[in-house]
Amino acid sequence: MVELSEREQELPDLEIDKLLEIAVEHPEIISLGPGEPDFELHPSLVAHTKRLAHKVNHYAPPGGFKELREEICKKLKKGNKIKVSPDNVVVTCGSQEALMLATACCLDVSEQIILPDPGFMGFLPTFELFNANPRFVELKEEDDYAVNPDAVKKAVNRKKTKVLLINSPANPTGNVLSKKILEELADIAVEHDLYIFSDEAYEHILYDGAKHYSIASFNGMEDYAVTFQTFSKSYAMCGHRLGYVVCNEDLAEAIKKTHILSTICAPSISQLIGLKALKMGDRHAKQMVKEYDRRRNLIVPALNEMGISCPMPKGAFYAFGNIRQFDDNSKRFCNKMIKEAKVAAVPGIDFGTVGEGHARFSFATDYKLIQKALKRMEPWLKKYRKR
Ligand SMILES: Cc1ncc(COP(=O)(O)O)c(C=O)c1O
């Protein structure tokens with residue numbers, strides 16, 4: 001048989017794939033695995049989808065419909081204090097595609113990208129696909145998993161580093177970067193002439209008065225900041241595959257050109273639903289956040305009580321717990337939890353080597369199901385400790 005490329009063979013096998021499959025095939029398992037809202041699409045958007053059905057069988061422009069990009073600019077100005085024109089925006093199939101396109105346009109082979117460990121499992125393989133050179137900055141539990149600007153400075157290689165990636169609010173840790181840290185990171189970008197890839201997928205999912213700052217809104221960041229946002233989490237539109245990237249015009253043009261070679265354009269129907277969603281504002285997101293907060297207040301104290309210590313997340317919808325009291329090996333722990341307690345979570349190792357000894361529990365899961373999962377875990381963990 002003809003061999004697969006080395007590039008593909010070297011991509012890591014992520015445990016989450018297996019877990020999601022198991023959860024679908026075995027309804028008796030309660031899955032705290034998925035990273036997507038469990039909420040329905042807003043009824044007004046469902047009605048709008050029906051109205052659009054006969055109008056959306058054509059390609060959209062590769063950069064996205066102008067009307068949508070204009071509405072995105074309004075949202076960026078009001079919600080993120082980012083002042084840009086539609087020429088700075090490229091609409092993509094989710095922010096994951098935007099990340100891939102930006103990587104293709106910004107990083108040559110062996111050029112370095114600094115990224116957090118632990119970090120979203122989609123980051124590293126994307127950079128590896130393009131043979132870029134990842135350099136990790138360790139996030140520490142005792143710092144609530146905030147990025148340490150001094151560690152970033154140390155990681156910068158004057159000749160090789162081209163990009164610094166940040167993700168706030170963060171998956172899997174729930175950390176929200178402070179304005180001060182972001183300002184320091186912005187200074188590093190200017191001093192070393194780096195792009196900052198700012199993944200803001202969870203920008204609306206914040207708790208306890210935490211505030212989200214877009215680094216692109218800071219003075220002098222126009223040329224450096226590459227902002228990734230998405231409709232997936234804020235509007236419960238994961239399946240619509242709609243996101244966008246905001247950056248300087250030259251890079252936006254390059255990304256648009258590359259987009260023609262990947263998916264040509266984001267789905268026309270999703271773009272028109274996204275336009276309507278933006279016009280509706282963030283009321284739906286606020287309702288969802290209220291419910292996430294209720295679940296957060298259920299799951300985090302319960303995990304801590306059971307011996308899985310985890311800081312209270314300030315954003316996103318994950319509890320990232322330390323399981324070392326039970327097992328150092330997160331794959332083994334999660335596999336056993338599925339088989340024996342019938343509860344699925346994602347092993348911390350999927351988020352990087354620093355993530356080992358941890359597991360991610362998603363509370364984008366119904367309240368009652370979380371209660372049921374915790375009930376199953378409690379006796380199981382007691383036995384696990386004694387092994
Ligand atoms: C941090 C982060 N970035 C990006 C994505 C991808 O989102 P999208 O659906 O916009 O491709 C996810 C999905 O879970 C995520 O957690």
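Two strands pair if DSSP finds at least two bridges between them. Strands (E, at least two residues) and helices (H or I, at least four) are DSSP runs, numbered from the N terminus. The structure described here is a predicted model, in which local features need pLDDT of at least 70 and side-chain atom pairs count only at pLDDT 80 or more, while totals for chains, interfaces and linings use all residues. Residues are numbered from 1 along each chain as its sequence is written.

On these terms, three strands form an open sheet with the order 9-12-11 and antiparallel pairing. Strand 9 (318-322) and strand 11 (346-347) stand at the edges and have a single partner strand each, so one side of each is left without a neighbour in the sheet. Strand 9 and strand 12 (residues 358-362) run antiparallel and are joined by five bridges. Within strand 12, Ala359 is the residue that stands opposite Gly321.

To the contact between them, domain 1 gives 36 residues and domain 2 gives 37 residues; two residues are in contact if their C-beta atoms, placed from the backbone, lie within 7 Å.

On the side of domain 1 that touches domain 2, helix 11 (283-305) and strand 9 each supply at least two residues. The largest share of that side, seven residues, comes from helix 11. By class, the side of domain 1 that touches domain 2 has 19 nonpolar, eight polar and nine charged residues. In this classification, Ala, Val, Leu, Ile, Met, Phe, Trp, Tyr, Cys and Pro count as nonpolar, Asp, Glu, Lys and Arg as charged, and the others, Gly among them, as polar.

## The largest nonpolar core

A nonpolar core is a set of buried Ala, Val, Leu, Ile, Met, Phe, Trp, Tyr and Cys residues joined through C-beta atoms within 7 Å. A residue is buried if 20 or more other C-beta atoms lie within 10 Å of its own, exposed if 12 or fewer, and partly exposed in between, with C-beta atoms placed from the backbone. The largest such core has 119 residues, and those with the most contacts inside it are Ala102, Leu164, Leu185, Ile196, Ile215, Val245 and Val343. Helix 5 gives the most to this core, with seven residues. Both domain 1 and domain 2 give residues to the core, so it lies between them.

Leu164 touches Ile114, Val152, Leu185, Ile188, Ala189, Leu194 and Ile196, not counting residues up to four places away in sequence. Val245 belongs to strand 8 (residues 243-246), from which Gly243 and Val245 point one way and Tyr244 and Val246 the other way; all are buried. Strand 8 pairs with strand 2 (residues 89-92) in the antiparallel sense over four bridges, and Thr92 stands opposite Gly243. Strand 7 (residues 225-230) also runs antiparallel to strand 8, joined to it by four bridges, and Phe228 has Val245 as its bridge partner.

## The ligand shell and helix 5

The ligand is surrounded by 14 residues, the closest being Gly94, Ser95, Gln96, Thr230 and Ser232; a residue is near a molecule if its C-beta atom, placed from the backbone, lies within 6 Å of it. Helix 5 (residues 94-106) supplies the largest share of the shell, three residues. The shell has three nonpolar, 10 polar and one charged residues.

Ala104 also lies in helix 5. With 19 C-beta neighbours inside 10 Å, Ala104 counts as partly exposed. Ala104 touches Phe130 and Thr258, not counting residues up to four places away in sequence.

## Backbone features in loops

Two cis peptide bonds may be noted. One joins Asp117 and Pro118, with omega about 5 degrees; Pro118 lies in the loop between strand 3 (112-117) and helix 6 (123-129). Another runs from Ser168 to Pro169, with omega near -10 degrees, and Pro169 lies in the loop between strand 5 (161-167) and helix 8 (179-192).

Positive phi values occur at Ile264, near 70 degrees, and at Ala316, about 60 degrees. Ile264 is in the loop between helix 9 (249-262) and helix 10 (268-280) and is exposed, with 12 other C-beta atoms within 10 Å. Ala316, in the loop between helix 11 and strand 9, is buried, with 31 other C-beta atoms within 10 Å.

Notes
Domains from an automatic or database assignment.
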